[in-house]
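Let's take a walk through a protein together, starting with the whole thing and then zooming in on a few residues. Keep the picture open while you read.

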Amino acid sequence: MRAMVFEKPGAPLVLKELPEPVPEEGQIRIRVTACAVCRTDLHVADGDLTQPKLPLIPGHEIIGVVDALGPGAAGFAVGDRVGVPWLGHTCGTCVYCRRGQENLCEAAEFTGYTRDGGFADYTVADAHYCFPIPDTYSDEAAAPLMCAGLIGYRSYRMAGDGKRLGLYGFGAAAHIIAQVAVHQGREVYAFTKAGDEKGQDFARSLGAVWAGSSEDIPPEILDAAIIFAPVGALVPAALKAVDKGGAVICAGIHMSNIPAFPYADLWEERRIQSVANLTRQDGVEFLKIAPEAMVKTSTHPYPLERANEALDDLRAGRFEGAAVLRMDL
């Protein structure tokens, strides 16, 4: 099979011919049809996340078709279309797993980080951590739902039920969760880099009532804000924009350092909370809500061998929405 392989931080991925993987106990083998390119993949490639399996096949927003079952694999049959997310396996026995926080599992494994992912023609995955994909989505359209959608949804739940929601960094995750928020009757305020009029227009096209620079104070005080951009300086900015009792949710797996800020900006029961990984229940809930909200993903397809170009374009912010590697191009 073809695979784009990560060998060391800062170096381009390398196109290689590798043996097709063999599914082990409880695993399914998947013929990959599409795999979205996530900012987490960029953090791995750039060395911001420091403990990847090496060599590594990245990619954790995988859509494909089951083509083989390992011993004891259950829940899917050959020919089923499935999605594979970031959370690839948990122990089920640690204190976090036992209290329903499998996203914090001490022995968790992660697709495209500690186990090989979907920048390849085939991958294997633990059947219990895969999802059936709604028929309303093509493979390309469904791929960003597997992380941008799932992490966006978990962040959205943590933000609470307030009416006015700020989204800082209007990329793959924000463009998905904005549609869910609008569908549920909330007001979305979108924050982009200064001068990014194209991104602001994109946000307004998806129902945002206001879009502006992350340096701006919105016209209405926010009930909550979600920060998708990996920029620590946005935390104090968002605190200034949220109301008493409001939440600032940090959705990224990596963020630059948060600068000092006055305690007065946090006072009055404002809170800052990070989001770590996802749970399988997040996936079940979100994949039910997404079709109901008629969520549409904005995607930009690349052939597998152009994965480095997709990463570069993501790094430079050359598109709105999500890059998707398609194996048929």
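What follows goes from the overall build to some local details.

First, some ground rules: this is a predicted model, in which local features need pLDDT of at least 70 and side-chain atom pairs count only at pLDDT 80 or more, while totals for chains, interfaces and linings use all residues. Residues are numbered from 1 along each chain as its sequence is written, and side-chain values use heavy atoms, with hydrogens and water left out.

So what is the protein built from? It has ten helices and 17 strands. Both are DSSP runs numbered from the N terminus: helices are H or I with at least four residues, and strands are E with at least two. The C-alpha trace spans about 55 × 40 × 35 Å along its principal axes. A compact globule of 329 residues would have a radius of gyration near 20 Å, and the 19 Å of this protein agrees with that. (The radius is taken over C-alpha atoms, and the globule rule is 2.2 Å times the number of residues to the power 0.38.)

How much of the protein is buried? Buried residues make up 55% of the 329, where buried means under 20% relative accessible area, exposed means over 50%, and partly exposed is in between, using a 1.4 Å probe and protein chains only. Now think about contacts, meaning heavy atoms within 4.5 Å. Among those between residues at least 6 apart in sequence, 69% join residues at least 24 apart.

Next, the cysteines. A disulfide is a covalent bond between the sulfur atoms of two cysteines; here it is counted when a pair of cysteine sulfur atoms lies within 2.5 Å. A search of the whole structure finds zero of them. Take C38: it is in no disulfide, and the nearest cysteine sulfur, that of C147, is 3.9 Å away. C38 counts as buried because its relative accessible area is 12%. C97 has a cysteine close by too, but the sulfur of C105 is 3.7 Å from its own, which is too far for a bond. C97 is also buried, at 15% relative accessibility.

Most residues other than glycine have a negative phi, and most peptide bonds are trans. The bond from L54 to P55, however, is cis, with omega near -10 degrees. You'll find P55 in the loop between α1 (39–45) and β4 (62–69). E269 isn't a glycine, yet it has a positive phi of about 65 degrees. E269 sits in the loop between α8 (263–266) and β15 (271–274), and with a relative accessible area of 71% it is exposed. N277 isn't a glycine either, and its phi is positive as well, at about 60 degrees. Its loop runs between β15 and α9 (280–292), but N277 is buried, at 14%.

T40 lies in helix α1 and is buried, with a relative accessible area of 11%. Which residues does T40 touch, leaving aside its neighbours within four places in sequence? They are L49, H60, W86 and I253. A203 belongs to helix α6 (residues 197–205) and has a relative accessible area of 0%, so it is buried. Setting aside neighbours within four places in sequence, A203 is in contact with F170, A190, A208 and A211.
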